[in-house]
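Biologist: Please take a close look at the aromatic side chains in this model. Which ring pairs are found, and how are they arranged?

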Amino acid sequence: MIHRFLRSPWLCFVALAGGLLLSAEPAAAQRGAILGDVPTQPRADARYLIYLHGRIVEEQGPRPTDERFGPYEYQQILDTLAASGAEVVAEVRPKGTDFRAFGARVADQVRRLLAAGVPAEQIAVVGFSKGGAIAIVASALLADSRVSFVFLGACGDWVKGRDDVDVRGRILSIYEASDELGTSCDPLFAQASAQGAHREVRITTGAGHGAFYRPRSEWLVPLFGWIERR
């Protein structure tokens with residue numbers, strides 16, 4: 001299955017070693033930039049990927065370590081995403097950031113890209129853990145069926161019955177089978193008021209929530225396949 005994705009210009013950077021995805025420059029795509037915000041003059045021909053980190057980065061900074069899961073390789077993840085050719089928008093949030101308010105900020109970033117002429121099909125929002133909760137709120141606020149979202153270990157009982165998480169858009173949920181913190185998004189999709197393109201992938205690395213602490217092929221391959229609409 002992996003080799004099918006590797007024929008894509010966005011995914012010609014995949015090399016596997018010990019279960020981790022290591023970046024190598026793709027022949028058909030230049031490395032994208034890593035930006036703190038969407039540019040004032042976005043390129044209409046570029047792909048934009050907004051990456052939203054987990055809560056641990058708010059609490060400890062850009063290379064935190066969890067006693068159970070080890071270091072969160074935030075920069076490695078950003079570098080791997082940028083190696084695909086995407087312009088990656090990412091920022092370290094202040095400690096205690098309200099996820100609803102930041103979801104509104106992300107929705108505004110997407111609207112700015114759309115207003116500048118970037119096609120919705122070239123915009124993706126990816127969020128892990130608390131960042132996934134932010135992506136969920138942004139999806140509900142945008143209510144745009146064309147924009148792609150990827151929720152990584154983002155769901156749980158907290159989504160049930162909430163009126164601020166009525167998700168819209170092309171949404172992929174990826175969760176780890178051994179993860180007790182981020183579980184299936186089926187309840188989130190079931191309560192959506194409008195049907196959409198929803199898919200879920202269950203991975204089995206045995207790493208719990210830490211499966212998303214590193215740039216692993218198990219979640220990156222389906223992520224890029226979804227963003228590329230393959």
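Modeller: Start with the cluster. In this predicted model, ring pairs link Tyr51, Phe69, Tyr72, Tyr74, Phe128, Phe212, Tyr213 and Trp219. The whole structure holds 10 aromatic pairs.

Take Tyr72 and Phe128, both members of that cluster. Their ring centres are 5.8 Å apart, and their planes stand at 85°. Planes over 60 degrees apart count as edge-to-face, so this pair is edge-to-face. Tyr72 sits in the loop between β6 (70-71) and α3 (74-83). Phe128 belongs to strand β8 (residues 123-128). The pair therefore ties together parts that are 56 residues apart in sequence. Both Tyr72 and Phe128 are buried.

Now compare another pair, Phe149 and Phe151. Here the ring centres are 6.3 Å apart and the planes are at 50°, so the pair is tilted. Phe149 has 0% relative accessibility and counts as buried. Phe151 is also buried, with a relative accessible area of 0%.

The charged end of Arg170 sits over the ring of Trp226, 4.2 Å from its centre. Arg93 lies over the face of Phe102, at 5.7 Å from the ring centre. The cut-off for such a contact is 6 Å from CZ of Arg to the ring centre, and the atom must also lie within 35 degrees of the ring normal.

Methods
Residues are numbered from 1 along each chain as its sequence is written. This is a predicted model: local features need pLDDT of at least 70, side-chain atom pairs count only at pLDDT 80 or more; totals for chains, interfaces and linings use all residues. Side-chain values use heavy atoms; hydrogens and water are left out. Rings of Phe, Tyr and Trp (its six-membered ring) pair if their centres lie within 6.5 Å; planes under 30 degrees apart count as stacked, over 60 as edge-to-face and the rest as tilted. Helices (H or I, at least four residues) and strands (E, at least two) are DSSP runs, numbered from the N terminus. Buried means under 20% relative accessible area, exposed over 50%, partly exposed in between (1.4 Å probe, protein chains only).
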